[in-house]
Amino acid sequence: MLRLPPSVRVFVCLVPVDMRRSFDGLASLAEQVVGENPLSGHLFVFRGRRGDRVKILYWDRDGYALWYKRLESGVFRFPVDGSNAQEISAADLGLILEGIDLRSVKRQKRFWLP
């Protein structure tokens with residue numbers, strides 16, 4: 001399971017991305033599409049048009065780091081809400097990377113501080 005410090009936020013770009021983009025191109029998308037600072041240390045998740053590839057960009061103290069995964073079969077199921085970007089929990093990111101469709105997950109009611 002994916003373990004991140006509670007201070008790290010996860011932003012998913014819901015617009016399909018050209019997977020040839022590297023550090024600077026993805027950082028630019030983090031600013032323009034997601035609307036967040038790519039130097040913040042948060043995770044920025046990007047999915048290819050076919051859905052079988054995902055890249056995660058983050059700032060690691062002294063430079064960008066990039067994590068990349070390609071599936072041999074199947075696709076990554078990102079949340080859909082009509083916007084260009086969405087913030088998700090680290091747990092939800094772990095589920096997506098494990099191949100679980102978040103639309104099929106039933107969540108139990110929990111206390112939520114507004």
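This is a predicted model: local features need pLDDT of at least 70, side-chain atom pairs count only at pLDDT 80 or more; totals for chains, interfaces and linings use all residues.
Let's start at one residue: leaving out residues up to four places away in sequence, Leu-66 touches Ser-22, Phe-23, Leu-26, Lys-55, Ile-56 and Leu-57, where contact means heavy atoms within 4.5 Å. Leu-66 sits in strand 4 and is partly exposed, with a relative accessible area of 29%.

Residues are numbered from 1 along each chain as its sequence is written, and side-chain values use heavy atoms, with hydrogens and water left out.

Now step back to the whole chain. The protein chain holds two helices and five strands, and from the N terminus on their order is β-α-β-β-β-β-α. These elements are DSSP runs numbered from the N terminus: helices are H or I with at least four residues, and strands are E with at least two. For 114 residues, a compact globule would have a radius of gyration near 13 Å, and the 14 Å of the protein chain agrees with that. The radius is taken over C-alpha atoms, and the globule rule is 2.2 Å times the number of residues to the power 0.38. Along the principal axes, the C-alpha atoms fill a box of roughly 40 × 35 × 30 Å.

How does the chain come together? Among contacts in the protein chain with a separation of 6 or more, 56% are between residues 24 or more positions apart. Of the 114 residues, 33% are buried.

Let's look inside. In soluble globular proteins, nonpolar side chains tend to be buried together. A nonpolar core is defined here as a set of buried Ala, Val, Leu, Ile, Met, Phe, Trp, Tyr and Cys residues joined through side-chain atoms within 4.5 Å. The largest such core has 15 residues, and Val-45, Phe-76, Phe-78 and Leu-93 have the most contacts inside it. Two or more residues come from each of strand 1 (10–13), strand 2 (43–47), strand 3 (53–59) and helix 2 (90–97). Helix 2 gives the most to this core, with four residues. A second, separate core of twelve residues includes Leu-26, Ala-30, Val-34 and Phe-44.

Asp-92 has a relative accessible area of 10%, and, apart from neighbours within four places in sequence, Asp-92 is in contact with Leu-102 and Arg-107. Just after the helix, Gly-99 takes a positive phi of about 95°.

Which residues does Phe-46 contact, leaving aside neighbours within four places in sequence? They are Cys-13, Val-17, Met-19, Leu-26, Leu-29, Ala-30, Arg-53, Val-54, Lys-55, Leu-57 and Phe-78. Phe-46 belongs to strand 2 and is buried, with a relative accessible area of 0%. The C-alpha atoms of Phe-46 and Ile-56 are 6.3 Å apart, although ten residues separate the two along the chain.

Finally, visit two loops. Arg-61 lies in the loop between strand 3 and strand 4 and is exposed, with a relative accessible area of 75%. Phi of Arg-61 is near 60°, a positive value in a residue other than glycine. Gly-82 lies in the loop between strand 4 (64–70) and strand 5 (85–88), and is exposed at 76% relative accessible area. Between the C-alpha atoms of Gly-82 and Val-15, which are 67 residues apart along the chain, the separation is 9.9 Å.

Technical notes: Buried means under 20% relative accessible area, exposed over 50%, partly exposed in between (1.4 Å probe, protein chains only).
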